[in-house]
Amino acid sequence: MSLINLTIDGVQVQAVPGTSVLEAAGQAGIKIPTLCYLKEINEIGSCRICLVEVEGARTLQASCVTPVTEGMVVRTNTPEVRQARKLNLELIMSNHPQECLICPRSTNCELQQLAAELGISELRFTGAMSPYEPDFSSPSLVRDPRKCILCRRCVSVCENVQQVSAIAPQERGFDTVVAPAFLEPLGNAACVNCGQCALVCPTAAIHEKDQTGEVWAALADPEKHVVVQTAPAVRVSIGEMFGAEPGRVATGQLVAALRKLGFDRVFDTDFTADLTIMEEGSELIKRLQEGGTLPLITSCSPGWIKFIEHFYPDLLPHLSTCKSPQQMFGALAKTYYAQKAGIDPSNIFVVSIMPCTAKKFEAGREEMNGSGHRDVDVALTTRELGKMLKEAGIDFNSLAEEEYDSPLGISTGAGVIFGSTGGVMEAALRTAYELVTGETLPDLEFHAVRGLEGVKETSVNLNGTTLNVAVAHGLANAREILERVSGGQEYHFIEIMCCPGGCIGGGGQPIPTDREIRARRAAGIYDADRAMPLRKSHENPAVQALYKEFLGEPLGHKSHELLHTHYLARQKY
Amino acid sequence: MSNGCACHTQLEPEQLNEVGRIMEPYRGQPGSLIQVLHKAQNAVGYLPREVQVMVSEGLNVPLTRVYGVVSFYSFFTTKPKGKHKICVCAGTACYVRGANQLLNQLEKDYHIGPGDTSDDGQFSLDVVRCVGACGLGPVMTVDDDVYGRVHTDKLSSILEKYAKE
């Protein structure tokens with residue numbers, strides 16, 4: 001393919017045909033400011049911040065949607081260009097609430113940052129403000145249309161990456177608002193609470209529901225025994241809240257920080273990830289042996305669960321009945337752990353630190369109280385934990401590493417890889433292989449199910465039986481797999497994660513989260529796995545003890561009561 | 001595989017069947033959205049929720065996008081039209097001769113704004129731009145009848161006739 005030659009700011013640049021001027025400039029080290037642009041997801045030229053001068057063009061061009069052409073001469077830094085960008089930004093700001101000091105995205109807001117970068121020093125225009133009030137109806141997310149700059153990033157993610165289409169631009173002109181159909185509250189819409197919208201929002205127009213106040217109150221209550229669990233994906237991202245590189249494994253510092261905050265016990269969701277493998281693996285073997293509904297599909301991801309409930313209710317029997325590791329943990333904290341520690345379960349307060357906004361919804365699901373108590377009292381996102389640590393003045397990166405508490409903090413490498421797409425599958429295969437064949441697995445690492453490719457498939461030979469497995473992450477990819485299942489393709493076991501990249505790319509993770517950052521966090525997850533002395537769930541001594549002392553056997557009566565659940569067919573509209 | 005709920009149904013089954021017939025040639029064609037909405041509104045008179053749901057399913061367009069289009073274009077309406085259609089001209093000539101006072105009076109006496117239908121279902125109101133009778137401004141039409149020099153004091157006597165029909 002021949003390259004296209006162009007000149008940007010006097011520099012000779014070569015670019016592949018189809019490249020935008022913005023990308024070509026970036027490759028040549030020339031930075032053009034952007035606002036609505038989101039690589040490969042939202043390239044629509046709506047904000048007009050990335051304007052450049054193209055010789056021969058009648059007007060300034062939005063560089064994100066202008067393809068390079070042979071001999072093109074582009075100037076990105078002329079007085080006219082700078083003035084036009086500034087004017088467009090001032091107009092965008094003209095109906096933006098000037099609440100930066102009390103805004104949840106303050107210091108992490110692209111609009112705020114751009115205003116500083118472009119040197120906006122006064123507000124020359126005051127426009128009509130949005131007539132819409134904030135929407136607090138969702139258990140996971142808050143919509144604040146007043147702060148919306150109508151960039152459409154959230155809409156693109158919701159429609160294209162997730163294919164949920166819970167929100168779109170409605171009405172027009174000054175009344176335009178990104179909202180569900182009929183301007184219904186988000187809590188009534190077929191929204192899966194994945195929070196990918198919040199992850200890409202440049203401002204605070206969509207953000208997680210802040211529940212840090214409930215956790216501060218529990219920590220301050222002397223009657224409450226407050227235990228915390230940390231999801232696998234949080235240890236490779238929490239450092240980013242304090243300026244660390246994405247993917248740095250900060251498990252020991254995370255534990256230390258949570259102890260400093262005042263949690264009575266610091267436990268690990270990785271423990272119940274291992275437990276999930278025991279339960280779900282047994283469920284798979286049982287379905288294979290007894291002719292149950294196949295393929296079996298994983299049930300760890302609450303966004304995925306709500307998606308199938310809304311859009312594919314016919315396929316619900318394929319779901320594993322296992323609760324997610326978060327919920328299993330809560331159920332055990334208030335039974336097994338309560339008994340062992342001699343604490344009245346009604347005084348135990350369970351907090352989860354999750355990379356996820358849908359976990360808030362899951363924690364609130366009515367049926368999640370098999371022990372007679374709420375499994376999980378509050379689910380916080382990685383971002384909310386970061387805020388609490390800052391508020392407490394904890395200097396995260398300088399903390400000395402500490403260990404999780406026993407027994408619910410003991411885990412294996414198989415538990416930690418739940419944090420990345422393909423991890424549940426890999427953990428399940430490690431255990432299923434050894435349980436079915438009775439032999440030691442020669443190579444623990446199943447590279448065919450790793451990585452950021454949307455749909456991954458492989459086959460594994462278990463004692464002469466071929467197990468066809470598939471992995472999808474991101475709901476558009478989930479749809480593709482479900483269509484294949486409906487079309488009769490033979491799979492035995494499928495892992496589906498709602499968010500692109502799996503939990504490391506979850507809607508509760510630090511902002512920004514993009515493809516490169518996802519890849520680095522995933523690498524961190526596999527580093528953490530390799531560093532573990534035990535890497536197979538069935539070898540977890542605390543899980544073995546749990547079965548011996550309390551549960552009996554996988555899929556037994558107690559497991560059924562505490563660790564398994566049922567699903568609900570929901571309407572699409 | 002519609003699992004849309006029936007709690008919003010205001011239409012007769014025959015009307016819904018008609019929408020189905022209109023949509024048939026366009027099934028699975030998201031690009032035909034505006035055309036189908038246009039025809040559906042002509043057939044039903046307006047675009048209630050269940051019609052939008054049918055169109056969403058039939059054309060394979062998300063409901064959020066269907067509603068986005070319906071709420072964007074002032075031609076589309078989600079409310080049933082009244083028995084009689086009032087149009088107030090707000091073209092330049094009528095505007096300067098008091099079209100606005102007329103609209104205010106309609107709001108005050110009949111509680112309808114542009115795009116609305118009165119609570120009793122008798123009248124719906126639209127604003128139009130010039131009916132070609134500028135010399136008679138302000139101009140108002142009711143169904144096919146045109147009224148010129150309509151000042152607020154004449155309003156009730158004109159509409160009274162239609163209210164009885």
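My strands (E, at least two residues) and helices (H or I, at least four) are DSSP runs numbered from the N terminus.

Ground rules, for anyone reading along: residues count from 1 along each chain as its sequence is written, and chains are lettered from A and ligands numbered from 1 in the order in which they are written. The model is predicted, so to speak of local features I need pLDDT of at least 70, and side-chain atom pairs count only at 80 or more, while totals for chains, interfaces and linings use all residues; side-chain values use heavy atoms, without hydrogens and water.

**Entry 1, the five-stranded sheet.** I looked up what surrounds that pair. Strands E3 (residues 51-54) and E5 (residues 72-75) of chain A pair in the antiparallel sense over two bridges; pairing takes at least two bridges found by DSSP. They belong to an open, mixed sheet of five strands, ordered E2-E1-E5-E3-E4 in chain A. Contact means heavy atoms within 4.5 Å; axes are lines fitted to C-alpha atoms, for helices over the stretch in contact, with angles from 0 to 180 degrees between N-to-C directions.

**Entry 2, the four-stranded sheet.** The order here is E12-E17-E16-E15 in chain A, again open and with mixed pairing. Strand E16 (residues 465-473) and strand E17 (residues 493-497) of chain A run parallel over five bridges. Across from A:His473 I find A:Met497 in E17(A). H15(A) packs on the sheet, touching E12, E15, E16 and E17 of chain A, and its direction makes about 145 degrees with that of E16(A).

I counted six helices and four strands, in the pattern α-α-α-α-β-α-β-β-β-α along the sequence. The C-alpha atoms fill a box of roughly 55 × 30 × 25 Å along the principal axes. Mean pLDDT (the predictor's confidence in each residue, from 0 to 100) is 90 for chain B, with 95% of its residues at 70 or more. Residues 1-7 of chain B stay under 50, with eleven contacts beyond four places in sequence.

The predictor gives an ipTM of 0.94 and a pTM of 0.93.
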